Every structure is written in C-alpha cells, then in structure tokens.
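Reader: Could you walk me through this one? I'm new to it, so please spell out the terms as we go.

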Amino acid sequence: MRVAIVGGGLCGFVAHLTLRRAGIEDVTVFSPEADPAAAFRVRAAAIRQTHMRSESDGHCLPTSFPGLAVRDARARRSVMPLVASGLDRYHPTVETFCAHVDDERRRSGWSPVLERIRSIRAVDGGFELDAHGVFEHVLVATGHPGLAFPEELAGDPRVVHAYEPHGYAETVCVVGAGLAAATEWRNALAAGARVVSVRRREPVQQPLNVPRPMLTKRGLARFHRLDDETRAAELHDLLAPSYPREAHVDVPVERRVNGADQVIAATGFRRGFRHDALLARLVAERELPTVNGWVSVAPDATVASLTDGERTLALAGVAAQWAYPAADTLMGARYVAHGFARRCRTR
Amino acid sequence: MSYTLKGRLESRLAALALPVLAAAAVHQWWALELAGLMAAVGLALDLVYHRPIPYQPAWAAVPLGLLELGVVMALVRAIGVQAPLRWALVFYAVAWLWAQVLGQALLPLWRMSWSEDGGELGVRPTALAAVAIVLPFVGGGAVYRHNLPPTLRLSAGVHQGPLVIDRRVRVVGAPGAVVRGGIVVRHRDVTVSHVRVVGGEYGISVLGVRHVTLDHVTVVRARLDGIHIRHASVRVHDCLVDMRGVPQGQGIDVSYGMIQGENVVDQCTVIGGRDGIVMHGSMGMLMHNNVAETSMTGISMVEMSMGAVAQNTVSNARGIGILCGDHSMCEIERNTVAGTRRDDAGGNKMRAGVGLEVEFESEAHLARNDLRANPRPLGVFLGATIDP
C-alpha cells in the first residue's frame, strides 16, 4: 500500500504523525519546504503572535491527549499548565509550539520529497502524482492559496499584509475584523502608532472560530445533513472573522481607508479552490462537484467520485471546510487525518 | 468536549465498568448497591445533561461530580443502603477520579477520534447492548456469589454427630459421606445436601429458622422422626427417609411453621413409620413424593394447615392414604393412592382403608386423583366439605 500526502505544512505534518500512529509507515510527503512550520513561523512572527488560540488547536499530535500542557508541565516541573488545561485556560506559547514541531519532526523521521506536485491523475487503483508513480491513497494538504488583499487597495504602496513581515508607521490603518486585525491593533498601539480600524461590521468575539459543538460529531451530524445551499450559507457565517474577547482593543473605527502612513491588510487568505492551481486543475479535469468555491467533499473529507474500495483521495486544510468548517485549524487537520487513516487501515 | 448523547452514555458505561467490578470484588453488598446507584444516577443525568450542555469543559466535571454525589448520597439515605459514609465517599471519589483519567487521557489515547466523535467508542450498537446486558449480570452474579453461604464439604466416611449447624453454611457431602447421630439446623440460610444420616433421635431437625434447604439427603434408622421441622420454613428436595422398624416415628414432620412461611417437600421417598409426611399447623406444598407402608397415614395435612398435596403416590398405607383434617384447607390433585389397608378392627370407620379422607370441618378441593384398590376410595367425615 502506497500512501502520499501532497503538502508538507502543518496539516500534512499532522496527517503524517497520525498515519504513523495508525501503523502506516509507507507514507511519502511531497512539499517544497522541509519545515512543516515554516509558513506558520513567518506569519506568527509577522503578527507578533505569542500564544496559540487554544490547547487543542495548539499541537500537532494525533490524539487530543497528551497535549502540550503535559509537555509544559514536565518541562517546568509544575502542575499549573495541567490546572490551566483543566480550566480551559491553557494556551501554549508559539515558542513551545514551534519547539514541539521540531521535536516531532525529529522523532517521526519527517523527510518530505522536496518538490511541489503539479498534477494528480486518477488511474486504475490509485492516483499518479507527476512522475512519482501511483499511490493508492492520497491526501491533498496544500494549505491556504495565498494572502487576500482588498481589491480597492491594489497597487497602493502603503499596503502590507498582516502575515508579511512589517514594522509600524506613525499612523496605521488596519483593515479587517479577525484575530489578525485585533492583534495588529494591539501591536501598532504598543509600537506607538495611531491606529484606525477599517471594518465593515462589528467584530464577532468568541473563543474559537466555530462553536465548539461544530468540532465534534454532535454539531457536524446536523451540518452534514443540510442541503448545499443552506450549508454554504451556514459555512459562510461560521467562517466570518472573529477573535477571543480578551484580544479586543478599543480603537477608532472608520468605514474607509484614510490617509494613514501605513495600511495593514489583516484580511486573511484567498478563499476558494480556484486559487489553488492543483485543486483547480483536478476539479476541472474530473468535473468534481463544487459549491460557492468549496469542493463538495464527503463528511470524511474524501472526494466521493474518486474514492472507492481501492483508493482514496481526500482533502485537508482549508479545502476540506465543506466537511469540517474548522478544517483550517490543527483540530481540523486531526479530523481529516483520522478519517484518512481509517480508510488507509481498512483497505 | 462536545459529547453526543451516545458518546456520553458509552463513555459513562466505560467508566462504570471498573467500579462495578471493584464493587463485586470487595464482597461488600453496600459497594454493589452504591455502584448500581452511581450507574443509574449517572446514566439518568446524562440524559438530562445532553441538551443544556452542548460543550463540557474539563473543569465542569467537578460541579457535575458534586451534583451526582449529592443525588447518589440522597438515594443512599432514601433507600437505606447500609454504606459506611467514609468508605462510600472514598469509593465515589476513586470512581470519579478514574472516570476523569479515562475521559481526559486513556480514551483519547486508545481511540484517536474519541473527542471528535463526541465521546463515542466506535463500538457496534449490538456490542454496546451486550455490555449493557452483561454488566447487570456481572453485578447480579457477584451479588449471588456474595450471598452464597460458605461451603463445608463433608468427606466420604462416617462423621460422628450430632452435627449442630448454628451459622450460614452449605454442607455438601462427598459420595459416601455419612453423619451418625443426626443433624440439627439452628440458623437461617443453611443448605444440607448429599448427606446420609444414620440414627439419632431425629435424623435431621430444623428448629425455628427460615431459608433452609435439604437436598438429596437420606435418613435411616432415626429413633423418632426422620426429618423433623418445627416452627421453620424449609424446602426438602429429593430425599429418602427409611422409617422401617420405627412404628411411632414420622417420616417427615412439618409442624407449627405457619408464621415462618411456606414449606415444600418435593420428590421425597418415605418408607414405613407412623405418618409418612405430616403437616401440622403449617403452610406448604407436598408434591411428587412417594410414600409407602405407613402404619397411620400416608400423607396428612392437619391442624389448620393450608396447602397443596399434588402428584404424590401413596401405596400400602394402613388406615388412610391421604388425609386432610382438623380445620385444614387442602388442594388435593392428581395423586395416586393404591392398596390402602383396613385398620378398623375396633369399628373405626374413619380408618377403614380410606384412600382419601377429609374430616373435621376441613375443606378440600379434589381433582383427578387416582384412587385404586382401596377398601374405601373417599371418606368425608365430621362436617368436612369437598369440592367438587
């Protein structure tokens, strides 16, 4: 049995650890970057992120226990991380998280083929990945398809994306209403800048992007039963930008970008499979069903028309949001990886 | 954790398995009762929790645990479970801790998708149903085992009696085990089985106690009664009482046990003696017995007794085969009485070889009795009535 993971970011890394845990050793990872946390490190550094959003979304291990609280408690010889974990107040630091990724990389023998896969061709008994032969089970974890910039700011030299390395000018306009925007308000204020928030609506303040029941079968069963139109509308609402209450900072709000020295686009990532060349090609070639930019995958994030008793094609990360609204988180990566491992194990 | 209802119940059952087994292992009835209450309360509250708690953080286990403790202890008091408070609290606390370890660490480790499956264990419904069915049986089996009295095994050979039993015990004889001089039972919850008793004033006597079973016992050469039951509640099964050569003794005498409850004599064989099986002032059933060659009455139910005499065989009794007398109320059905011999040389018509006799204000319901070769098949005397 040959198994491949296309994409070596955090999602692919979680899948790799999960497959190993499930006893599946012959896994080939294709990635142009050897460090699974490379993109994360850059983005976290750019927004000066210090802590992960939650404990369960703050580690790459295949099971919810032991999370980083156990590791932290051991390292610090203190029960406080465990107590904080019990109280849902444990947020591992970015430093701890990155060290954890490095450890797991070493421990798991992570060694991706340093190459970007250009095409996935369905053939008898599996999928051909460029010239690398046929794999029976393939997980596509290509990650976010680039940073999103508001169209009206195209060509404006003042603009920098929140996830790109940047400093702060004297006057800063932050566009967006999610966690990155809230972080940038705080960062810019701390840097002594005058900050204005540009947003179209009041920010949603909630601990996680999606309500917690939507992270388990309890909420997902209902979600999966919805018809396409209702599901797309609900998904749109669920993915609206939000940040935890404690991240809020009061800053002046304006409807349009003003004449500030610097404009920070805290507008997240481009959305939709069309921005991902590999997925766009696959959808076009195989005429895969799509809804409002999402590939319409099965509840276990597999592509139904390309998955059968012999082979599996599954999507992970943001591309799997049709199956799991929080698929672009580490919890989502685990969800998809568990389903994928099940399919690999039972074939 | 956002539990599904199935996940809550499955995880609860998984957490309960160990406390139930532990309770069974400690051989304390209160522990089993407490474990049972914890299971019932936990599963019932899971049904209540499901809707109002869509997400249950780890810390919520503390207030929910205290709530469940309160309900369990209230029920312990209400039902009257004899649990020592300190040990009951320790038992609950350990079970609660175990549930936390299981839910927070072991189950997620065992099943990778446990948390995203809402606590479901991924077992088939049939397997879950099997656990739900088996668990009570394990508990019930443990209760049964717990309630069994200790067993005293009598080896083959002769044991000099009289053997006096004054504690809960099962006396089980090996093949060839003989007690010489009789057995006296003075404690409730006693079973005597597969023992042969030779001699003694009474072969086996049971005095003033309930829940006694005599099973596969043989009595020979007792000087008075073979089995002597006074003010007691006893079940006698598969016995053999040989009273030949003891003209004044009763084979099995059950007397004055009305307030102790029912007595049963079933599938016994009595040969010889004055009365084969006699019941005075008692309540019970005499069934499937074989009585022969008695000198007074084969089977008698007298002195305000109540009960059934059914499917017995009485043969060659002198005077009376089956008697219901002295204000008794008897159901006499499907008995066979044959070859009763006359004993009316003095002119007593009531002993003129009567197969089935009802006398002195007694009431008997008779049905399908086979009375053959008796000088007088049926006799009704002194204001007695029969139906039909």
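Reader: How far does helix H6 of chain A reach from its first C-alpha to its last?
Author: Helix H6 (residues 179-190) of chain A has twelve residues and reaches 17 Å, close to the 16 Å expected at 1.5 Å a residue, where the expected span is 1.5 Å times one less than the number of residues. Helices (H or I, at least four residues) and strands (E, at least two) are DSSP runs, numbered from the N terminus. This is a predicted model, in which local features need pLDDT of at least 70 and side-chain atom pairs count only at pLDDT 80 or more, while totals for chains, interfaces and linings use all residues. Residues are numbered from 1 along each chain as its sequence is written, and chains are lettered from A and ligands numbered from 1 in the order in which they are written.

Reader: Why is H6(A) described as largely enclosed?
Author: Nine of its twelve residues are buried, so H6(A) is largely enclosed by the rest of the structure. A residue is buried if 20 or more other C-beta atoms, placed from the backbone, lie within 10 Å of its own. Among the buried ones are Leu179(A), Thr183(A), Glu184(A) and Trp185(A).

Reader: And what covers them?
Author: The cover includes strands E8 (171-175), E9 (194-198), E11 (242-243) and E13 (262-265) of chain A. After the helix comes Gly192(A), with a positive phi near 90 degrees.

Reader: Which residues does Val174(A) touch?
Author: Leaving out residues up to four places away in sequence, Val174(A) touches, among others, Ala181(A), Glu184(A), Trp185(A) and Ala188(A), as well as Val195(A) and Ile264(A); contact means C-beta atoms, placed from the backbone, within 7 Å.

Reader: Where does Val174(A) sit in the largest nonpolar core?
Author: Val174(A) is one of the residues that touch the most other members of this core, which has 92 residues. A nonpolar core is a set of buried Ala, Val, Leu, Ile, Met, Phe, Trp, Tyr and Cys residues joined through C-beta atoms within 7 Å. Its largest share, nine residues, comes from helix H10 (residues 330-346) of chain A. Apart from it lies another core, of 60 residues, including Val179(B) and Ile277(B).

Reader: Switching to chain B, how do strands E1 and E4 pair?
Author: E1 (residues 151-154) and E4 (residues 169-173) of chain B pair in the parallel sense over four bridges, and pairing requires that DSSP finds at least two bridges between the strands. Leu152(B) has Val171(B) of E4(B) as its bridge partner.

Reader: How many residues does each chain give to the contact between them?
Author: Chain B gives 19 residues and chain A gives 19 residues.

Note on methods
Contact = placed C-beta atoms within 7 Å.
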